[in-house]
Amino acid sequence: MLLSLLLATTLRQAAARDHLDVGFAITPSFLSEPEYAQIAGTEFSVLEAENATKFEPIHPRPGNQPGSYDFAEPDKILAFAEAHHMKMRGHTLVWHSQIAPWVRRGNYTPEQMNEILHGHIDAVLKHFGRKVFAWDVVNEAFEDNGSLRSTPWFNRPGIGLADQGTKYIEQAFRWAHEANPSPKLFYNDYGIELLGKKSDAVLAMLRDFRSRHVPVDGIGFQMHVGFWLDNPGNLASLEQNMKRFSDLGLIIHVTELDMGVPNGDPDTIKRQAELYGKIVAICRRNPAVKLIQFWGITDGHSWLNRGANSGHGLLWDENYQRKPAYQAVMAALAR
Ligand code: XIL
């Protein structure tokens, strides 16, 4: 063990000692950049499509025939994963965003929406079979105040369960498990890192699901974080909150970790590195945390660049140089 530690030169190697996976969100077109491809294939043991497995790109045409789907991009990702002995994670089946226009503009009845979603989940899970080890079945179904978000799948018009609270979420998990019992099935959300109204609501749902044997295996903490997390009270809250989810017997995946900061000044970047180190240390103290996954590789391609005051969030800078955050994550994994 000491030897493997001393020899760890990548995040993937450092994490493996703890039976921990490290992942990243991939956009296949960036693989044409040699640095991107090299880092992707060596530093990580898991990948997930940043977009390619969402409803709109994967199911662009109406109906439920083979021609309704577009598996070309996801299959490229899968091939890359297999070539580099990585696992692929699926994201996401039921979400209010990035739904294909044919669904959004179709004026379907709840009966039709039910059929569409069932067919979608069934076809996608069967396509990947055992090749995708975990799926975000439902993404972002709650509002910050803990109420259910109004969405096309829930109540606009919904799949026929609009008056039954979390029943439509339960239905999605049941369909996923029926289609393919092999992948681990996750509920994934943002803003549930700390104790609070939103995490309370998600916890209550998952406690209910577990008690009735609804097939849910894990909770995904997106963790798009920032310096708001960086005080002892919030860090303690993160740790306690993760614990109450793992106490339900759930696996925890950190699914979309990044940390937008106001600027790229050396002091800011140093503070970012320290906070990354603290987060990884907390994850390592909870054995239910099996994956730490970053929402991209380089600051040059991060989705955060679209928001004001929130770039510089990842472990490599726009020139593919390792940032202090990389060193801090590595040190926290190796400790
Ligand atoms: C983002 C992608 O990074 C962008 O490229 C895309 O334009 C919009 O979606 N929560 C999620 C992710 O679950 O799917 C989102 O990804 C970021 C927030």
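A charge is said to sit over a ring if NZ of Lys or CZ of Arg is within 6 Å of the ring centre and within 35 degrees of the ring normal. By that criterion, the charged end of Arg 89 sits over the ring of Phe 186, 4.8 Å from its centre, and Lys 87 lies over the face of Phe 133, at 4.7 Å from the ring centre. This is a predicted model, in which local features need pLDDT of at least 70 and side-chain atom pairs count only at pLDDT 80 or more, while totals for chains, interfaces and linings use all residues. Residues are numbered from 1 along each chain as its sequence is written, and side-chain values use heavy atoms, with hydrogens and water left out.

**Aromatic pairs**

- The whole structure holds 16 aromatic pairs, where rings of Phe, Tyr and Trp (its six-membered ring) pair if their centres lie within 6.5 Å, with planes under 30 degrees apart counted as stacked, over 60 as edge-to-face and the rest as tilted.
- Phe 30 and Tyr 36 form an edge-to-face pair, because their ring centres are 5.5 Å apart and their planes lie at 75 degrees.
- Phe 30 counts as buried at 18% relative accessibility, as does Tyr 36 at 2% (buried means under 20% relative accessible area, exposed over 50%, partly exposed in between, with a 1.4 Å probe and protein chains only).
- Phe 55 and Trp 153 make a tilted pair, with 5.7 Å from centre to centre and 35 degrees between the planes; Phe 55 belongs to helix α4 (residues 55-58) and Trp 153 to the loop between β4 (132-139) and α8 (167-179), so that the pair links parts of the chain 98 residues apart.
- Helices (H or I, at least four residues) and strands (E, at least two) are DSSP runs, numbered from the N terminus.
- Ring pairs also join Phe 24, Phe 30, Tyr 36, Phe 44, Trp 316 and Tyr 326 into a cluster.

- Ser 45, in the loop between α3 (34-43) and β2 (46-49), counts as buried at 9% relative accessibility.
- Apart from neighbours within four places in sequence, Ser 45 is in contact (heavy atoms within 4.5 Å) with Arg 12, Asp 21, Val 22, Met 86 and Lys 87.

**Helices α11 and α12**

- The axes of α11 (residues 266-285) and α12 (residues 324-334) come within 8 Å and cross at roughly 25 degrees, the axes being lines fitted to C-alpha atoms, for helices over the stretch in contact, with angles running from 0 to 180 degrees between N-to-C directions.
- The contact includes Ile 269 and Tyr 276 of α11 and Ala 328 and Leu 333 of α12.
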